[in-house]
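User: I am new to this model and would appreciate a guided reading. Could we go through the chains and the places where they meet?

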Amino acid sequence: MVNRKLQSVAALESYRAKIAESQKNEYPVIYVCGGTPCLAKGSSAVAEAFKKEIESQGLACKIELRHKVTGCQGFCSKGPVVSFGNDIVYLEVKPEHVPEIIEKTVKNGQVIESLGYKDPQTKKRSASFQGIPFYAHQKGMILKGLREIDPFEIDDYIARGGYASLAKAFSIDPDKIIDMITESGLRGRGGGGFPAGTKWRSCRAIDSEVRYVLCNGDEGDPGAFMDRSIMEGNPHAVIEGMIVGAWAVGAHHGYAYIRDEYPLAVKVMKKAVEDATAMGLLGKNILGTGFDFDIKITRGGGAFVCGESSALMRSIEGKVGEPRAKYIRSVEKGLYDLPTVLNNVETWANVPLIINNGPQWYRETGTEGSPGTKVFSLAGKAVNTGLVEVPMGTTIRELVEKVGGGIRSGRMFKAVQTGGPSGGCIPESLADLPIDFDSLSKAGSMMGSGGIIVMDEATCMVDVAKYFISFLAEESCGKCTPCRDGLPRMKQILTDITEGRGKEGDIELLEELCDVLSYGALCGLGSSAPNPVLSTIKYFREEYEAHIRDRRCPAGVCRNLVTFHIDADACTGCTLCAKQCPQACITGERKKAHVIDQSRCIKCGVCRDVCKFDAVRVE
Amino acid sequence: MEKITIKINGKDIEAVKDQSVLEVARENGFAIPALCFHPEIETRAGSCRVCLVEVSQNGRTRLVTSCNYPVRKGLEVRTDTDLVRRIRKGVVELLLSRTPDSPVIQKLARENGIEKSRFFVDEGEHYRNRCIACSLCTQVCEEVVGVSAISMLDRGRDKAPGTPYLKPSQVCIGCGACAYACPTDAISMIDEGEVRKIWGREFKMVTCSVCGKPYIPEAQVDWIVKTTGKDRSFFDKCPDHR
Amino acid sequence: MGIDIRKIDEIIERYDKSEESLLAILQDFQHTFRYVPEEGMKRVSEVLGVPESKIYGVGTFYKALSLKPVGRHTCKVCTGTACHLKGAHTLTDIIGKELGVEPGGTTKDGRFTLQTVNCVGACALAPVVMVDDEDYYEGSSPQDVLKNLRKYK
């Protein structure tokens, strides 16, 4: 292999200039989204079609074309997404659209409006980022890279200014770097929002030969896929952030701990570490500065609790991922009991931005207490779902209604769940709350890593609480009594309520157990576990009471408490529900009203979900 | 050893920096109940959560497990506040619903004013007899004995100590330290004649040449001879007749 | 079941001889043998010098590891929040009925293991089914998922 090692900062800069020059001639570039949902929706077939079309036409039209597969382009619900590096973006692209796209857009710069976004209200089409509300209301500081960079090509990253912050950092005193991070107000994106600068400084202050820098990529919150997308789409940004962090705190070894459920993220990050090492950006004597730093990739083992810092460290050591008391913090005694800085994927990806542009620039976005942007995975019952990035302080309503396009099927917006199992549900009445670390905590939820699940009137809040408690009971490591023995009991009480066996006093008993967990559990998983229960009791107590007193599920979700039937007036006899019914208990002739056989109905709700005419009623 | 002064329930107490709150408190006559604490075990897992106390330091007040909370200058400890009592009671009630047949837990429950648990009781595949999964047995085996014959298996509700592959352990020396350390007498160790049964394995015992009492497993003698170089003949007699 | 000890050693060879490699080695066992065999854990214990009790503890703790062989294909139904709200539970029932197994179970012919898993981070496809950690299927119409599953032999 040719030695590609860059021996100095100057060598990096001349290399960058060289690639940028060579890439100039390669335009136009077609960006085909390679994020998981787009892949599942057939984006590789689309990319393949582009490749073929380009090859067959290549000589004839004399434009050198290159298609790229990028990381997530965000608009997952409308994938596969294809964009062109300018303002044009096409949604739900199929291989058969490719010849037309090549002909019109690539060769002649024409916009094909019919492949753009169709506004559900105005029915107007738009194929421009600025014209599509989902994109227009975002601010892409972190996600910009995902949309333009081929995650498997380090050159792509370098051409767009990659590793410039590292080069700059080497000319700055480590203490000054920490000052910059502190001044920027960067707070950990993993959940708690701890100031990153404070963490780094404490770690640096400990007298020790060895320190570690870790990246938490064990994104386990159900409904969260920001870190996955960042690792899959722009791995070098994370790695660059980690190297800067290592330089600042004086660490020479790092680990990135990545969830086992994210095979692509593991693959991309491994390749990125190999490439960066081959270029002399990782390893011994980085860029000829004499500074050594390496990164190992550790695959998680499928345990949610390993997202907790002390459990994650045990897991890296090859042990059972059990948390331990953190009365002595991990900046002092972390991995192998040595000083350790642990930040999550998104936090690390913010670091190069701050170093490149300065803390003041960074503070221009976001709020006083929570500067910068936050990447969210918007999921659930919104019209538009996907990966989004907005300035901190954006309100919940803006996020749901503008970016998310409101609620699907014209239903009512009821609540959002933030922060995963450690967070809570915030009702629509508080939707004007700005999204930042402090406001969400005050409302009884938390920022968490950034999963936002939109809930509509057909969401039962008791069922949601039961869902999260079941999840946590399953994921409890079993070390401490409150979590291990308390969660199964909370789950049982919630199950009883949702199945029509609730009793007076159950709500109070739940609240008591919540206190035992909040105050008594060993780690954050246990002590924050009550949030989904307490927040739903706080804001939706009447729903609990309806289940307990009237044996009724107002949202029509809890199977034991509802019946499904088809409204004969609304039913068009399209037969879709009959086809999808797993019990095959829906009958009726085509174009005539259908009927559900109540004796065999398992109340799964598939008929209601597939009905395009809202003819399935729940009582 | 840096001497410092802390406050426990309003009283000034002298202590050594980084000692545990529990030890300092007990040495000074303050009672704090605890199950998974053992003075010989360095790993203070803090898993049973019975020894919770309220501490204030640097303007922050919270509940912590006293067995592994290090005392530092200016620490204020309260062992018997309403919050401590209430949360401890909740923890004990959970333990009672887990191990209703444990006399130790029953007694602790009574002391905390619990007659009967309001929650469902573990049974069927979840019945763990008297085990509260505190992991003290596995720590003794690893840290004190040094053989690591058992470990905590599974997770969540299913967490329990056990041998590899749930088969008789090849490295167990039958010393019974795990059973002696267990706070709830949950580990079955049966000595019958010259045989000790523990963790599904039988161990032949060495008999005292004076009193004729079987007193130590042969495997344990082998282990001690191997690790300390002690003379095997030392074990001909039991401690009472040496 | 006969496990090739050479394969075991080959896997162990890939890693540093330290406890830190344990989880990765066990995961490679899982991928290669479709479970973590006892012979493998014994061998790792010898080579890494880690007590078997600890290795077995790790083997039982992590969900990605299975101590019993799983099917040729794994069908994972995501039960993340978005999937839950959109009927992952029902989808699991329907797939289970088709395959004749409960979640966690393996079909008699060893073709499929059905699992429910935590969020796979593909919420836009909710409810989502992942086969062999590679193929993702949108599960809003369960009958289509079943059709896709029949492709796996």
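User: What should I know before reading the values?

Analyst: This is a predicted model, in which local features need pLDDT of at least 70 and side-chain atom pairs count only at pLDDT 80 or more, while totals for chains, interfaces and linings use all residues. Residues are numbered from 1 along each chain as its sequence is written, chains are lettered from A and ligands numbered from 1 in the order in which they are written, and side-chain values use heavy atoms, with hydrogens and water left out.

User: How many helices and strands are in chain C?

Analyst: Chain C has 7 helices and 4 strands. Helices (H or I, at least four residues) and strands (E, at least two) are DSSP runs, numbered from the N terminus. In that direction the elements of chain C follow the order α-α-α-α-β-α-α-β-β-β-α.

User: And what box do its C-alpha atoms fill?

Analyst: For chain C the box is roughly 50 × 30 × 25 Å along the principal axes. Of its 153 residues, 59% are buried, a term for under 20% relative accessible area, with exposed meaning over 50% and partly exposed in between (1.4 Å probe, protein chains only).

User: Turning to chain B, what is its secondary structure?

Analyst: Chain B contains 6 helices and 11 strands. The C-alpha trace of chain B spans about 60 × 50 × 30 Å along its principal axes, and 52% of the 242 residues in chain B are buried.

User: What is the accessible surface of chain B?

Analyst: The figure for chain B is about 11800 Å², with 47% belonging to carbon and sulfur atoms. Such areas come from the Shrake-Rupley method with a 1.4 Å probe; for residues, only the protein chains shown count as cover. Chain C exposes about 6300 Å², and carbon and sulfur atoms supply 47% of that area.

User: Now the interfaces. How many residues does each side bring where chain A meets chain C?

Analyst: Chain A brings 62 residues and chain C brings 45 residues, where contact means heavy atoms within 4.5 Å. The two chains bury about 4100 Å² between them, 54% of it on carbon and sulfur atoms. On the side of chain A, Arg299(A), Tyr467(A) and Gln580(A) lose the most area to chain C, together 15% of what that side buries. Buried area is the accessible area (1.4 Å probe) that two parts lose on being put together, summed over both.

User: How many salt bridges cross it?

Analyst: The rule finds 6 salt bridges between chain A and chain C, each being a side-chain nitrogen of Lys or Arg within 4 Å of a carboxyl oxygen of Asp or Glu. One of them joins Lys63(C) to Glu474(A), at 4.0 Å from N to O. Helix α19 of chain A (residues 461–475) gives the most to the side of chain A that touches chain C, with 7 residues. That side divides into 30 nonpolar, 14 polar and 18 charged residues. Here Ala, Val, Leu, Ile, Met, Phe, Trp, Tyr, Cys and Pro count as nonpolar, Asp, Glu, Lys and Arg as charged, and the others, Gly among them, as polar.

User: What about chain B against chain C: how many residues are in contact?

Analyst: There, 15 residues of chain B are in contact with 13 residues of chain C. Chain B and chain C bury about 1200 Å² between them, 54% of it on carbon and sulfur atoms.

User: Which residue forms a salt bridge with Lys167(B)?

Analyst: Glu38(C) does, with the closest N and O atoms 2.8 Å apart. Across this interface of chain B and chain C, the rule finds 2 salt bridges. Strand β6 (residues 151–153) of chain B gives the most to the side of chain B that touches chain C, with 3 residues.
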